Amino acid sequence: MTHTVGILGATGAVGQRLIQLLDPHPDFEISALTASSESAGKPYRKAAKWRISTPIPESVAGITVAETDPDAIGDVDLLFSSLPSSVGERVEPAFCEAGYVVSSNSSNQRMAEDVPLVIPEVNADHLGLLEVQRDSRGWDGAMIKNPNCSTITMVPTLAALDTFGLSRVHVATLQAVSGAGYDGVTSMEIIDNAIPHIGGEEEKMESESRKLLGGFDGAELSMHDATVSASCNRIPTLDGHLENVWAETEEEASVEDAREALESYEGIDLPSSPDPLIEVFEEPERPQPRLDREREDGMQICAGGLRENETGLQYNCLAHNTLRGAAGASVLNGELLAKEGYL
Ligand code: 11C
């Protein structure tokens with residue numbers, strides 16, 4: 001069955017990636033697009049400064065962009081949101097109240113106790129929190145979130161290694177400029193530089209990871225016990241976040257044990273989930289953004305550089321930040337909602 005979908009924030013970097021992933025899609029058909037008031041009323045082909053190398057799909061080029069307002073978009077089964085968080089914070093709850101189901105990439109409300117923060121291959125069971133949400137908020141609609149792109153890159157690998165009992169995680173990121181949206185992409189004055197700060201990113205990685213890896217007993221979520229410390233850095237790569245991870249586990253795990261756990265970590269049967277979910281490289285210089293970010297349509301998590309040190313395991317991981325880490329993550333959550341009968 002095909003569900004009609006709308007995109008909130010359709011002209012931005014993640015909104016354009018959503019269109020790329022949804023046209024065509026086996027479960028979804030785009031029927032509404034929203035953007036800021038300067039774009040509203042224009043056909044999408046005129047409203048969007050299209051930055052993706054393939055042309056704007058014909059099926060959306062003529063759609064008239066609506067205001068990002070629950071009264072403006074009519075009937076759709078699901079909304080994908082890529083709004084700036086300052087807008088999402090205010091507007092997404094209004095859509096949920098008006099009865100819309102929203103799969104959102106925006107960082108607002110990710111840590112709310114009654115909002116499921118989901119990577120389907122890691123914690124699909126947290127979707128059950130929507131029942132708690134319905135009771136607590138009284139919404140006819142629903143809100144589900146995906147995490148930050150740097151969190152998404154790391155957490156599936158941690159979920160695989162949690163079989164040995166994760167106790168402490170340190171991560172240093174090397175993040176692509178597209179994570180900062182189009183302003184970031186145009187600011188290639190970062191060439192020949194690296195910036196050891198991305199506003200709020202470290203705190204997001206630390207808290208979102210523990211929520212994703214935590215348990216859900218049908219009524220309440222609990223955060224995972226592991227401590228997570230992050231250091232986040234911007235480097236002059238266009239797409240693809242590379243991360244160096246140090247993971248301490250309660251049970252000793254050799255490099256061979258860790259490789260086996262990563263390679264055999266089960267994905268989920270959804271149209272956009274890759275198989276295998278995690279590709280592990282033996283070559284010491286892989287994964288690399290330019291070589292590996294497009295694997296499996298940009299949806300695979302890559303790992304490499306596995307070694308043991310005095311405190312535990314060390315490795316690198318990589319994912320495409322605007323595909324796997326943002327638009328693709330929201331689409332996967334939409335696919336999960338469809339599969340579980342929430343649409
Ligand atoms: C960056 N990870 O690379 C950020 C962008 O919380 O969804 C995504 C911010 C978020 O700058």
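Among the 13 residues around the ligand, those that come nearest are R110, N148, E201, K204 and R234; a residue counts as near if one of its heavy atoms lies within 4 Å of the molecule. The model is a predicted one, in which local features need pLDDT of at least 70 and side-chain atom pairs count only at pLDDT 80 or more, while totals for chains, interfaces and linings use all residues. Residues are numbered from 1 along each chain as its sequence is written, and side-chain values use heavy atoms, with hydrogens and water left out.

| Residue (side chain) | Ligand atom | Distance |
|---|---|---|
| N148 | nitrogen | 2.7 Å |
| Q175 | oxygen | 2.9 Å |
| K204 | oxygen | 2.6 Å |

On its own the ligand has 320 Å² of accessible area, of which the protein covers 85% (Shrake-Rupley method, 1.4 Å probe; for residues, only the protein chains shown count as cover).

An unreviewed UniProt entry annotates C149 and H241 as "active site"; such positions are given in the numbering used here, feature names are shortened, and annotations may be inferred rather than shown by experiment. These residues span 93 residues in sequence, yet no two of their C-alpha atoms are more than 7.9 Å apart, so they gather at one spot.

C149 belongs to helix 7 (residues 149–161), whereas H241 is part of strand 11 (residues 241–249). Helices (H or I, at least four residues) and strands (E, at least two) are DSSP runs numbered from the N terminus. C149 is buried at 12% relative accessible area, and H241 is buried at 0%; buried means under 20%, exposed over 50% and partly exposed in between (1.4 Å probe, protein chains only).

Beyond its neighbours within four places in sequence, C149 is in contact (heavy atoms within 4.5 Å) with H241, N321 and G325.

Helix 10 (residues 255–263) has V255, A258, R259, A261 and L262 buried. Their arc around the axis is only 165°, which puts them on the same side of helix 10; the arc is that of the directions from the helix axis to the C-beta atoms. Helix 7 is among the elements that cover these buried residues, as are strand 12 (278–280), strand 13 (301–308) and strand 14 (313–319).

Definitions and conventions. Polar contact = N/O pair within 3.5 Å; in protein donor to acceptor, adjacent residues only side chain to side chain.
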